[in-house]
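Morning, everyone. Please bring up the model on your screens. I'll walk through a few annotated positions and what surrounds them.

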Amino acid sequence: MPTNKSVSKAPITQFVNCRILRDHKLQREDLWVREGRILDPEKLFFDEEGYADQRVDCEGLIIAPGFIDVQINGGYGIDFSQATSNVRGGVALVAKKILEHGVTSFLPTLVTSPPNIYHKVLSEVKVHSGGVEGAGVLGCHLEGPFISLEKKGAHPEQYLRSFQSGGMLDLIETYGTLDNVAMVTLAPELPNSEKVVRELAQRGITVSLGHSVANLSQAEEAVQNGASFITHLFNAMLPFHHRDPGIVGLLTSDQVPQDRTVFYGMIADGIHTNSAALRIAHRAHPTGLVLVTDAITAMGLPPGRHTLGQQVIEIQGLHAYVAGCSVEQALEAASLHPAQLLGITRCKGTLDYGADADLVLLDDAINVRATYIAGQEVWRK
């Protein structure tokens, strides 16, 4: 007689006494995991015996989807924009270290660099899943060199470029390849940028607007052509003005296509962005907030002289600031929203049934207590 019982004999892990983040709120229920994915307990109980091979007691803890960092330049002495003799080893070191911060996937980010750096690094950094060896790499984020001279920030002026050859040819000449590239930050006011935005979007590469003096209409045109992200909102762009709010105006623009969400990155450290500005942005467009670290070589190291790409910078102190929103909103800004931005919510950024069991366990003060990738514990405090 036919049966609906699963043929899988893989062990089942049950996380008990949980408060899990699902449907935008913390809910008291257990979480079931098998073969690296989250199980539907109803099907488990009706189609199978309904028992777990292992139980993890999460009393007093919150379970959220693993964090996804879409802008991280390096850390622990590693600079992703340096073409060292062991690029892969550097990425692997950072991938391992960020597990303690609940990060299960990330985009290694390269700042403005000469072409030989891109050619070397991009040929070495490959998309791969995470595990005990470290967080997974979802692709690279290329922040520059097609950005504004006026808003270059810490990017070296001598390596800035424009779209002189009409668009995509400039990207290929500069980067060498777009394989394993997940995101490109550019200034939409540069001539011929509209062609680049359309082509990148068609290739499934996220286009972000940043380091730019674009006005609102230029930013809106870029979004209409496929751009969907703003790199570190408020930083390295024209300040908000009531007659022309610039890129910031995208948060409430009525020219954004109805089927499109514009996401925006925020460095919530209380230094790059005043907490009041962060709250204004969040209240104007709460579903677009993406928390990023924008971490550099100095992360995990004491203050001193460190590199950022081809520059040397002085770090005097490190600070942290918790965004002025609810716990649920902050956790989604570090998990669900970046997954939505990258179009990977089928497997990342949620605790939905069938999603990858990439999890972060936190206490009520939002301190990370444990990190899981594909249902396997990869770090515990």
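Glu143 is buried, because its relative accessibility is 2% and the cut-off for buried is under 20%. Keep in mind that this is a predicted model. Glu143 sits in strand 13, residues 140–143.

What does Glu143 touch, beyond residues up to four places away in sequence? The list includes Gln71, Asn73, Thr109, Leu110, Val111 and Thr112. It also includes His155, Thr185 and Thr231. And it includes His211, His232 and Asp294. Hold on to those last three names.

Now the record. UniProt, in an unreviewed entry, annotates Glu143, His211 and His232 as "binding site". They are spread over 90 residues of sequence, yet they cluster in space, with a largest C-alpha distance of 10.9 Å.

Next, His211. This residue lies in the loop between strand 15 (206–209) and helix 6 (216–224). Is His211 buried or exposed? Buried, because 4% relative accessibility falls under 20%.

Its side chain makes a polar contact of 2.8 Å with the side chain of Glu143. Setting aside neighbours within four places in sequence, His211 is also in contact with His232, the other histidine of the "binding site" annotation. Further contacts of His211 include Ile147, Ser148, Lys151, Lys152 and Gly153. His155, Ala187 and Ala236 are on the list as well. Note His155: Glu143 touches it, and His211 does too.

On to Asp294. The UniProt feature here is "active site", again from an unreviewed entry. Where is Asp294 found? In the loop between strand 18 (289–291) and strand 19 (304–308). Asp294 counts as buried, because its relative accessible area is 15%, under the 20% limit.

Last one: Asn235. Its place is the loop between strand 16 (229–230) and strand 17 (263–266). At a relative accessible area of 18%, Asn235 is buried, because the value is under 20%. Beyond its neighbours within four places in sequence, Asn235 is in contact with Ile267, His272 and Thr273.

Notes:
Residues are numbered from 1 along each chain as its sequence is written. This is a predicted model: local features need pLDDT of at least 70, side-chain atom pairs count only at pLDDT 80 or more; totals for chains, interfaces and linings use all residues. Side-chain values use heavy atoms; hydrogens and water are left out. Helices (H or I, at least four residues) and strands (E, at least two) are DSSP runs, numbered from the N terminus. Buried means under 20% relative accessible area, exposed over 50%, partly exposed in between (1.4 Å probe, protein chains only). Contact means heavy atoms within 4.5 Å. UniProt positions are given in the numbering used here, feature names are shortened, and annotations may be inferred rather than shown by experiment. A polar contact is a pair of N or O atoms within 3.5 Å; within protein, one must be able to donate a hydrogen and the other to accept it, and residues adjacent in sequence count only if both atoms are side-chain atoms.
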